[in-house]
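Please read the short report that follows alongside the sequence and the model.

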Amino acid sequence: MELPVEHGLLLDNLLDLAHAPFTHTSTFAKGWSVPSLVKFLTPASGLQGYWDPYPIDMEFRPPCMVLSTIGISKPGKLQGKSTRQCSTHLHQLHVCLPSSRNKTRLLYRMSLDFAPWLKHVPLMHLLWSHFAEKVLNEDLRLVLGQQEGMIDGANVWNWPVSYDKLGIRYRLWRDAVERGADDRLPFSSTQAESLS
């Protein structure tokens, strides 16, 4: 689908699951308690990590993909503290392609590693599409507000907090690409090799 938002803002939103209990209150995070502390744990270098206390693994794959695995038992109920402790998972792939200034073409795929019979239920794809659109509309309210701020000259990326690690790493990578520093991209395999 085509979205009226800058692709970097959309990627940043996808990499920040800590907003879920505040933004997605009528969809997948309905019933989630708001923890007093959210941590995003990452390796020393890399563009992936996992959330604590949520059983969610995330990864940014340059230049424009976000992969996530969510340990889930039923809507609104998380199971375990890590995806390895969960018996069922929702897997997501988001590809955010800049299509023009402040517009993004979003390609989305989702899969479950349980209940394979669901794909044979008539009209199930329509139900999943409706649910995905509802989740996306919750995100768009937030991201479009950020974009308005950017258009008005605000730096929407200048207030990072501790759980923004993956978003910060994405921005460092993006800034290096925009500066033309292709030979020294942060978190690339060549840089990781030179650091070891």
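Glu2 counts as partly exposed, at 37% relative accessibility; here buried means under 20% relative accessible area, exposed over 50%, and partly exposed in between, with a 1.4 Å probe and protein chains only. Arg105 is partly exposed as well, with a relative accessible area of 42%. The side chains of Glu2 and Arg105 meet in a salt bridge, at 3.0 Å from N to O. This pair joins distant parts of the chain: Glu2 lies in strand E1 (residues 2-3) and Arg105 in strand E8 (residues 103-112), 103 residues apart. Helices (H or I, at least four residues) and strands (E, at least two) are DSSP runs, numbered from the N terminus.

This is a predicted model, in which local features need pLDDT of at least 70 and side-chain atom pairs count only at pLDDT 80 or more, while totals for chains, interfaces and linings use all residues. Residues are numbered from 1 along each chain as its sequence is written, and side-chain values use heavy atoms, with hydrogens and water left out.

**Salt bridges**

Side chains of opposite charge can pair when their charged atoms come close. A salt bridge is a side-chain nitrogen of Lys or Arg within 4 Å of a carboxyl oxygen of Asp or Glu. The structure holds five salt bridges, and the table lists some of them.

| Pair | N to O distance |
|---|---|
| Arg105 and Glu2 | 3.0 Å |
| Glu6 and Arg174 | 2.6 Å |
| Asp12 and Arg171 | 2.7 Å |

Glu6 and Arg174 form one of these bridges. Glu6 sits in the loop between E1 and helix H1 (7-14), Arg174 sits in helix H4 (residues 165-179), and the two are 168 residues apart. Glu6 is buried, with a relative accessible area of 10%, and Arg174 is buried at 13%. Glu6 and Arg174 also belong to a network of salt bridges that includes Glu178.

Helix H4 is tied to H1 by another pair, Asp12 in H1 and Arg171 in H4, 159 residues apart. Asp12 counts as buried at 11% relative accessibility, and Arg171 is buried at 11%.

**Helix H1 and its partner**

Two packed helices are described by the angle between their axes and the distance between the axes. How do H1 and helix H3 (residues 124-151) cross? Their axes come within 10 Å and cross at roughly 135 degrees. Axes are lines fitted to C-alpha atoms, for helices over the stretch in contact, and angles run from 0 to 180 degrees between N-to-C directions. Angles under 35 degrees count as roughly parallel, over 145 as roughly antiparallel, 65 to 115 as roughly perpendicular and the rest as oblique; H1 and H3 are therefore oblique to each other.

On the H1 side, the contact is made by Leu9, Leu10 and Asn13. On the H3 side, the residues include Asp139, Leu142, Val143 and Met150. Contact means heavy atoms within 4.5 Å.

**The whole chain**

The protein has five helices and eight strands, in the order β-α-α-β-β-β-β-β-β-β-α-α-α from the N terminus. Of its 196 residues, 41% count as buried. Among the contacts with a separation of 6 or more, 54% are between residues 24 or more positions apart.
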